[in-house]
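Here are some notes on the model you sent over. Have a look at the structure first, then go through the points below.

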Amino acid sequence: MPFVKYDETWQPERREGLVTYRSLYERSLQLGADDVSAATIPVGKAQADIILVAGGDDALWPSDLFAKSIAEQLALAGKNATLIHHPNAGHRVLFPGETTPRSTQHAHGGSDEADAELGRSAWDAISALLRQ
């Protein structure tokens with residue numbers, strides 16, 4: 001299976017005392033740019049409705065960039081995707097009623113408020129899709 005190799009020279013970065021891995025993924029994608037196309041999952045073949053949820057302040061990995069890329073791939077295939085994005089949310093999406101604590105080992109980014117806003121928006125879209 002084709003893949004993009006991790007940057008073996010990457011050094012952990014910290015945010016609020018916790019490790020953030022976002023730069024590892026971003027740097028690996030830059031160094032392995034020639035491998036990205038072969039390693040990309042062909043989402044344009046999907047037959048389902050797709051909802052993409054991402055926070056712009058995700059400190060674990062660049063979920064916002066990946067979600068936008070998937071939406072673009074689907075658009076090129078003539079399919080629609082719903083992209084739910086909050087620029088200040090992190091990796092942790094808090095759906096209504098959830099109280100998932102933050103990790104004590106890895107930086108998530110975002111804030112409780114922004115993560116909850118993203119979760120409410122995502123829940124509304126998911127609920128609407130399931131009611132169809």
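1. Is Asp64 buried or exposed? Asp64 counts as buried, because its relative accessibility is 9%; the cut-offs are under 20% relative accessible area for buried, over 50% for exposed and partly exposed in between, with a 1.4 Å probe and protein chains only. Asp64 sits in helix H3. Setting aside neighbours within four places in sequence, Asp64 has contacts with Arg22, Ala54, Gly55, Gly56 and His85, where contact means heavy atoms within 4.5 Å.

2. Some ground rules. This is a predicted model, in which local features need pLDDT of at least 70 and side-chain atom pairs count only at pLDDT 80 or more, while totals for chains, interfaces and linings use all residues. Residues are numbered from 1 along each chain as its sequence is written, and side-chain values use heavy atoms, with hydrogens and water left out. Helices (H or I, at least four residues) and strands (E, at least two) are DSSP runs numbered from the N terminus.

3. Helix H3 (residues 63–76) also holds Ala67. Ala67 is buried because its relative accessibility is 5%. Not counting residues up to four places away in sequence, Ala67 touches Leu52, Ala54 and Leu83.

4. Now the pocket. The largest pocket has about 740 Å³ of space. On a 1 Å grid over the protein atoms alone, a pocket is an open set of points where a 1.4 Å probe fits, with protein on both sides within 12 Å along at least five of seven lines, and lining residues have an atom within 4 Å of a point. Grid points are joined across faces, edges and corners, and the volume is the space filled by probe spheres set on them.

5. What lines that pocket? There are 23 lining residues, and Leu29, Ala39, Thr40, Trp61 and Phe66 lie nearest the centre. H3 gives the largest share, 7 residues. Helix H1 (22–31), helix H2 (33–39), strand E3 (50–55) and H3 each supply at least two. By type, the lining has 18 nonpolar residues, 5 polar and no charged; here Ala, Val, Leu, Ile, Met, Phe, Trp, Tyr, Cys and Pro count as nonpolar, Asp, Glu, Lys and Arg as charged, and the others, Gly among them, as polar.

6. The largest nonpolar core has 6 residues: Ile84, Ala89, Ala114, Leu118, Ala122 and Ala125. Helix H4 (residues 112–131) supplies the largest share of this core, 4 residues. Such a core is a set of buried Ala, Val, Leu, Ile, Met, Phe, Trp, Tyr and Cys residues joined through side-chain atoms within 4.5 Å. Beyond neighbours within four places in sequence, Ile84 is in contact with Ile51, Leu52, Val53, Ala54, Leu118, Ser121, Ala122 and Ala125.

7. Finally, the rings. The whole structure has 5 aromatic pairs; rings of Phe, Tyr and Trp (its six-membered ring) pair if their centres lie within 6.5 Å, and planes under 30 degrees apart count as stacked, over 60 as edge-to-face and the rest as tilted. Tyr6 and Tyr25 are edge-to-face, 5.9 Å centre to centre with 75 degrees between the planes. Tyr6 lies in the segment before strand E1 (13–15) and Tyr25 in helix H1, so this pair ties together parts 19 residues apart in sequence. Ring pairs link Tyr6, Tyr25, Trp61 and Phe66 into a cluster.
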